[in-house]
Amino acid sequence: MDQITTFFPQSFFTSQNLLEKDYLVKLQNISLDIKNKNKCGGKNWLLKPYNTLDTYELIKDENFKLLLNKIEEKVFLFVKAHKSDHFYKIKEAWLNIYNKNDQQEYHYHADCTFSAVFFLKSTKDCAKIFFENPVEPDMKPIKNIKEQNQLTFKTCHFFPKENSLLIFRSYMRHMVEKQNTNFERTTVAVNL
């Protein structure tokens, strides 16, 4: 009997419609106010979409408390799927606002176990987030692959659906493609 057994899979947790509409709009408006009053952070980033990393402590902003608590609850569900009961607390949180032509290079988040992106404001045309297969580069790849599948994908991507959450392991290299629309793609990113 032949069988393919897959170990070491990469898993992602997604949640849709995380917030009530009025609270979502409130956070969207507060985010714009934060942008107008605070300088851009991310001093070591190569590409510079507007962000509040190290310039505004989103984790201490009471307006975002409900959202951050919901993210921690969803991370706990993901952790339980890994057969663990450890409750991870958010270590840091920041805003990212992508305007036309903004993008973010491939990177990972050191010194944490999980990371998450909440898509606070976006449309179907906004830039996608891409993840790189952690076994790349494959030094001796399989030849003549006729069609990509879960065994051969080198990257995967997620569309930035407004009011949705994406959780992933922090070691996963990821990037945001170039934003080709004038819409302000706004996210809340966290590390746990």
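## Around S164

Which residues does S164 touch, not counting residues up to four places away in sequence? They are S15, Q16, V117, F118 and F119. This is a predicted model.

S164 lies in strand β8, which covers residues 164–169. S164 is buried, with a relative accessible area of 4%.

## Helix α1

Helix α1 runs over residues 21–37 and has 17 residues. From first C-alpha to last, α1 reaches 25 Å. That is close to the 24 Å expected at 1.5 Å a residue.

Which residues of α1 are buried? They are Y23, L24, L27, Q28, I30, S31 and I34. An α-helix has 3.6 residues a turn, so residues three or four places apart point the same way. The cover over the buried residues of α1 includes helix α2 (65–81). It also includes strands β2 (50–51), β3 (92–98), β5 (114–121) and β10 (185–191).

## Salt bridges

Side chains of opposite charge can pair when their charged atoms come close. How many salt bridges does a search of the whole structure find? The search finds 8. One of them joins K21 and E162, whose closest N and O atoms are 4.0 Å apart. This pair links distant parts of the chain, 141 residues apart. K21 is in helix α1, while E162 is in the loop between β7 (155–158) and β8. K21 is exposed, at 54% relative accessibility. E162 is partly exposed, at 23%.

Helix α1 takes part in another bridge. The side chains of K35 and E184 meet at 2.8 Å, N to O. K35 lies in α1 and E184 in the loop between β9 (174–176) and β10, so the pair ties together parts that are 149 residues apart in sequence. K35 is partly exposed at 21% relative accessibility, whereas E184 is buried at 17%. A further salt bridge brings together E177 and K128, at 3.1 Å, N to O. E177 is in the loop between β9 and β10, and K128 is in the loop between β5 and β6 (129–132). They are 49 residues apart. E177 is partly exposed, with a relative accessible area of 22%. K128 is buried, at 17% relative accessibility.

## Aromatic pairs

The structure holds 8 aromatic pairs. Among them is the tilted pair of F12 and F158, with 5.1 Å centre to centre and 55 degrees between the planes. F12 lies in the segment before β1 (13–15) and F158 in strand β7, so the pair ties together parts that are 146 residues apart in sequence. F12 is partly exposed at 24% relative accessibility, and F158 is partly exposed at 21%.

F158 also pairs with F131. That pair is edge-to-face, with 5.9 Å between centres and 85 degrees between the planes. F131 is in strand β6, 27 residues from F158. F131 is buried, with a relative accessible area of 1%. Ring pairs link F12, F131, F158 and F168 into a cluster.

## Charges over rings

Where does K121 lie? K121 lies over the face of F183, at 5.4 Å from the ring centre. The charged end of R169 sits over the ring of F114, 5.5 Å from its centre.

Note on methods: Residues are numbered from 1 along each chain as its sequence is written. This is a predicted model: local features need pLDDT of at least 70, side-chain atom pairs count only at pLDDT 80 or more; totals for chains, interfaces and linings use all residues. Side-chain values use heavy atoms; hydrogens and water are left out. Helices (H or I, at least four residues) and strands (E, at least two) are DSSP runs, numbered from the N terminus. Buried means under 20% relative accessible area, exposed over 50%, partly exposed in between (1.4 Å probe, protein chains only). Contact means heavy atoms within 4.5 Å. The expected span of a helix is 1.5 Å times one less than its number of residues. Rings of Phe, Tyr and Trp (its six-membered ring) pair if their centres lie within 6.5 Å; planes under 30 degrees apart count as stacked, over 60 as edge-to-face and the rest as tilted. A charge sits over a ring if NZ of Lys or CZ of Arg is within 6 Å of the ring centre and within 35 degrees of the ring normal.
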